[in-house]
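Notebook open, structure loaded. I'm jotting down what I look up as I go.

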Amino acid sequence: MFDYIGSFEHAIGALKREQRYRVFVDLERRAGQFPHAVWNGPDGMRDVVVWCSNDYLGMGQHPKVIEAMCTAARSMGVGAGGTRNISGTNRPIVELEVEIADLHGKQAALVFTSGYVSNQTGIATIGKLLPDCLILSDALNHNSMIEGVRSAGCDKQIWRHNDLDHLEQLLSRAAVHRPKLIVFESVYSMDGDVAPIKEICDLADRYGAMTYLDEVHAVGMYGPRGAGIAERDGVMDRVDIVEGTLAKAFGTLGGYIAGRSAVIDAVRSHAPGFILTTALPPAIAAAAKASIAHLKASQCERARQRLSVAATKSALRKAGLPVMPSETHIVPIMVGDPELCRWASDLLLHRCGIYIQPINYPTVPRGTERLRITPTPAHDGQLVEQLADAMIWVWRELGLPIGRGHRRLDPPRLAVAAD
């Protein structure tokens, strides 16, 4: 008889041997205290500072967002009650889609239960609806995009990351009248680099291709109203389909696509990942709408976050730490070894009260394991200094290469027991 359990245990064991086994850290966020959280660790509850949250602007704890969610929940309950086609369409989600379309200057928008689903089912459905479509995908696209391309069942070609010459070579070889879809991201979340959106749109125009832009790590963060890099660079009108998330800078949950009405309606009408999934709860939709509306008008969160990012990069570079080049809010620190990356993360958490999750293969290539830091408006100068002190101590403790000296040698004990 086949050893079913043994097969699963073998799969888990392989991950542990390769230092790729994920350990979840039990954190309790406290409204009004971000980025401080309570860690339910092996020795009880401890206060920690979170330095790797995707709640980039702290909007998950903004009073307007909390109030919108609570008001909607008290009025309509906590669940959607069904799919969008079967009793799950509610006023908050309709208004949210209008808000998103306006944010991106598009005719329509469609909300999904997550950014992963919006990418996977959005790309797959668009690819299937275009006869003999050729999908051209950036080599560093997120797994959700890769799965969308795979699920589309179309011919696909991978172009070297941000390599315009390679993209043009592939486009030029395709038949003139063949449908072509270029899928790429604006901000690549592990390296923090940015796509040349204007130049990609130029190539799309020249060779008759559609563009599908993932702005997940940019929405809320860039542009006068927080619509992303395409808005910041003045090319939003040239992008055919914009995909984004409500779960990062907007601080809630869900994903979406926005574009021309015919495209959005076609996806709405054909995408199993949309049609057969329970709708986003009205309280979540109301909170997301409030967050988007606030960030359309407010610049203070983005301004304070830029200051925090600049201060963090400066402090870590002065400490001699291997800060990878990044023009965005993503601050990657190279480690280059999965075991050392895990140890660095554990030391920071257990000894210094700082939580930064290790990033290992397959999220990044082997040999490029790193710590990924995401400063927010709430990370002030004192927290930045504490981070630099803790990082330099960990690097020395592990014998990792470091630049010229930093003052602190003793482990900085930042965590305190929770009441």
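Which residues lie nearest the centre of the second largest pocket? I get Phe34, Leu57, Gly58, Arg304 and Ala378, out of 13 lining residues.

Ground rules before I go on. This is a predicted model, where local features need pLDDT of at least 70, side-chain atom pairs count only at pLDDT 80 or more, and totals for chains, interfaces and linings use all residues. Residues are numbered from 1 along each chain as its sequence is written, and side-chain values use heavy atoms, with hydrogens and water left out.

**Pocket**

I read a volume of about 200 Å³ for the second largest pocket. My pocket is an open set of points on a 1 Å grid over the protein atoms alone, with protein on both sides within 12 Å along at least five of seven lines; lining residues have an atom within 4 Å of a point. Points are joined across faces, edges and corners, and the volume is the space filled by probe spheres set on them. The lining divides into five nonpolar, six polar and two charged residues (Asp, Glu, Lys and Arg are charged; Ala, Val, Leu, Ile, Met, Phe, Trp, Tyr, Cys and Pro nonpolar; the others, Gly among them, polar).

**Cavity**

A cavity is a set of grid points where a 1.4 Å probe fits but cannot get out. I count one of 30 Å³ or more. The largest cavity holds about 70 Å³ of space. Its lining includes Arg84, Val111, Phe112 and Phe274, and by class I have six nonpolar, four polar and one charged. S4 and helix H11 (272-275) each supply at least two lining residues. Helices (H or I, at least four residues) and strands (E, at least two) are DSSP runs, numbered from the N terminus.

**Sheet**

Next I traced an open sheet of seven strands, order S4-S10-S9-S8-S7-S5-S6, with mixed pairing (to pair, two strands need at least two DSSP bridges between them). Strands S4 (108-112) and S6 (155-159) are at the edges with a single partner each, so one side of each has no neighbour in the sheet. The twist averages 20° from one strand to the next (axes are lines fitted to C-alpha atoms, for helices over the stretch in contact; angles run from 0 to 180 degrees between N-to-C directions). S9 (241-245) and S10 (255-259) pair antiparallel over four bridges, and Thr245 has Gly255 as its bridge partner in S10.

**His62**

Is His62 buried or exposed? I find it buried, at 16% relative accessible area (buried is under 20%, exposed over 50%, partly exposed in between, 1.4 Å probe, protein chains only). His62 sits in the loop between S3 (44-50) and H2 (63-76). Leaving aside neighbours within four places in sequence, His62 contacts His294 and Glu301 (heavy atoms within 4.5 Å).
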